[in-house]
Amino acid sequence: MGQRLRQVVLCVCAVVLGLLAVDRPRSADDVVAASQFSIAFFATLLTGEAVIFALTFSAASSWPSLQAIDSHIAFREWVLVGWFAALFTACGLLGDSRVSATYGALLFLLANIFGIFSFVQLFGLASVGGRNRLLRRTLAEALGPAGGVVRRPAHDFENGPVVDAYLSALSQAVTSNDPTEVGNLVDQLVEAGVAAGAAENAIALHIDVLHRLARAALVSGADPIQATTCGRTLIDSVVRLCRSLPEPAPALGALSRYLAWLANTSLLMSVRGVASNRSARELVALSTDARLKILRCVDPDPKSATGPDELGTLLPKPLQVLMWSSDFAEFHGAHQAGAMYGVYEILTGTKFMGNYWDGASILTALRRALFGDGDAVDNPAADAARRAFGSVEEYDHFWALTSVAALATLRDCRVPHPPELVRPEFTPDRQLLGAYLRTFATHRYFDTAEGARTALLGLVSRTAVSGSASERVHHGRAGRAYRVPAPQVEPQLRPAAMILAVACRLAPLAPGGDDTELRAFLAALPSVGLRITAGLAARVLPGASEVARADPVEVVVVGLKVLTLVGSDTGEGT
């Protein structure tokens, strides 16, 4: 029974009892006799509630808060009815008003009936299951009203008293290393029946909790098994919530980016001795497995599915899959090249049959399928994709910007990769890095140094055309903030990555290939731009750091030779 309904029922009963007191007033002796029994029972219930409360809750408890408990057990309404009963009874007896005294005695009966309800409600909270039910409902109400459309920034609801109390309780449970309480708190969030309009707020809180658990495992010595078990539960819940969103790409992209960042951070902290190898290993495994699950949920026809939630793509609309794919490619996350197969199928309605390990160029094939002169795909999916991009120039511009973010956030190849942290598609393998880079490097919409300079100028200064994919993706992300330490940075603020993104499209794709145009493009750059590009190449491209920094052109050229490690035997994509 909701609080408002309880109050309405209470008022109706009080009115009915008032009419009954006026119609049939009793003598003072009858009122005193009835009130004695009522007051005794009232005191018994009050004592019982005090004992249960003292044994179940702490005075310093903020989750559940006293306000939430009171709202659930109707304590204030019960005491208020008892106070009115005592008031009317005393006034009636002192003023010799039979109606007032009778009404007071009847209110005592109502208070006792209401007290039984309050006692039963409080007794239910004495169990873990009862508290969890209350807290799930409290959390769901804080995230958004039932049936309402909620469009609030993430910081608005996360700064609210209920969510703040929940996060404080989580931090306390993590600090005290209480796995049972941590599991209960995660279950309360996952099982909270949030309204459809509040799903985005719920996802933001899911990601925040996931980050707190991962940080505790890496820094505070929390049990990594417990953290990753709860993490998988949270990730599965986010995927389910995304299916209720009209635009799931921003939330799914934020989770994908965070998971990639988490794997790289775990590696770095393990190497530096800040985190234990065990914690880093479990979090890397969580990241790679979860990103594979997300990939399967996006792919219209995945190779395998572990459950019904992975059947049917989450992102059937072109703009949604473009927004997600640009996020999925950041922070050197696992399975980023494989994700392009689902993107190709959603945008063209057909499957890409090439193998990126053999050097096949999926972006070139996608460009040809959408904007080719004689072999463009003609179906509703391809037509929708063409409308989303607008033109072949916007297609090239969008994927160039995506490659900028991907290159800028690659792992530092100079950091050693411990064997215990090697996972599928999370390895120091240079061929795997080459395969990832070739996804973008084989998208060649220019083939000369002059064309490269024009493309670079467009990346630096061009404003996205109104209605283009780049512009709509940018505005689709606006206003959606998530509390994760992996903020989105506009490509225009990454000049070194922009230069490297253009340079990789001129680099040879086969051993011994001609690098004349690449060297010409690099040599014509301003010295500052060339120097910062060489610094980025030395950090993310294997072999580049071994070249003398006195020749930044050679640093970039040598680093981009990683592209020749894939597809050299098949010649695909060259």
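Predicted model: local features only at pLDDT ≥ 70, side-chain atom pairs only at ≥ 80, totals over all residues.

User: Where does E330 sit, and which residues does E330 touch beyond four places away in sequence?

Analyst: E330 is found in the loop between α14 and α15. Setting aside residues up to four places away in sequence, E330 touches R257, A260, A405, T409 and R494.

User: Is H335 buried or exposed, and what is its phi?

Analyst: H335 belongs to the loop between α14 and α15. Its relative accessibility is 12%, so H335 counts as buried. Most residues other than glycine have a negative phi. H335 is not a glycine, yet its phi is positive, near 70 degrees.

User: Which loop holds N177, and how accessible is N177?

Analyst: N177 lies between α8 (161–175) and α9 (179–190), in the loop. N177 also has a positive phi, about 55 degrees, although it is not a glycine. Buried means under 20% and exposed over 50%, so N177 counts as partly exposed, with a relative accessible area of 47%.

User: Let's turn to helix packing. At what angle do α15 and α16 pack?

Analyst: Two packed helices are described by the angle between their axes and the distance between the axes. For α15 (residues 336–348) and α16 (residues 362–371), the axes are 11 Å apart. The two helices are roughly parallel to each other, because angles under 35 degrees count that way. The packing angle is about 0 degrees.

User: Which residues make that contact, and how many of them are nonpolar, polar and charged?

Analyst: On the α15 side, the contact is made by M340, Y341, Y344, L347 and T348. On the α16 side are I362, L363, A365, L366, A369 and L370. By type, the residues of this contact divide into ten nonpolar, one polar and no charged.

User: L347 turned up in that list. Is L347 buried or exposed, and what does L347 contact outside its neighbours within four places in sequence?

Analyst: L347 lies in helix α15 and is buried, with a relative accessible area of 0%. L347 and K317 are 30 residues apart in sequence, and their C-alpha atoms are 8.3 Å apart in space. Leaving aside neighbours within four places in sequence, L347 is in contact with P318, V321, L322, L366, L370, A381, A382, A385 and F389.

User: What about K293: which helix is K293 in, is K293 buried or exposed, and what does K293 touch?

Analyst: K293 is part of helix α13 (residues 277–298). With 10% relative accessibility, K293 counts as buried. Not counting residues up to four places away in sequence, K293 touches D236, V239, D309 and E310.

User: Which residues of α21 are buried, and what covers them?

Analyst: In helix α21 (residues 469–477), the buried residues are A469, S470, E471, V473 and G476. Their cover includes α12 (249–271), α14 (318–328), α17 (380–389) and α18 (392–408).

User: How many disulfides are there, and how far is C297 from the nearest cysteine sulfur?

Analyst: A disulfide is a covalent bond between the sulfur atoms of two cysteines. The cut-off here is 2.5 Å between sulfur atoms, and the count comes to zero disulfides. C297, buried at a relative accessible area of 0%, is in no disulfide, and the nearest cysteine sulfur, that of C242, is 9.0 Å away.

User: And C504: is C504 buried or exposed, and which cysteine has the nearest sulfur?

Analyst: C504 has 5% relative accessibility and therefore counts as buried. C504 is in no disulfide either; the nearest cysteine sulfur is 15 Å away and belongs to C413.

User: Finally, the whole chain: how many helices and strands are there, and what is the radius of gyration?

Analyst: The chain has 25 helices and zero strands, and buried residues make up 54% of its 574 residues. Among contacts between residues at least 6 apart in sequence, 75% join residues at least 24 apart. Along the principal axes, the C-alpha atoms fill a box of roughly 110 × 50 × 45 Å. A compact globule of 574 residues would have a radius of gyration near 25 Å, whereas the chain has 32 Å.

How values were computed
Residues numbered from 1 in each chain as written. Heavy atoms only, no water. Axes fitted to C-alpha atoms, helices over the stretch in contact; angles between N-to-C directions. Parallel < 35°, antiparallel > 145°, perpendicular 65-115°, else oblique. Contact = heavy atoms within 4.5 Å. Nonpolar A, V, L, I, M, F, W, Y, C, P; charged D, E, K, R; others polar. Buried < 20%, exposed > 50% of the residue type's maximum accessible area, 1.4 Å probe, protein only. Rg over C-alpha atoms; globule rule 2.2 N^0.38 Å.
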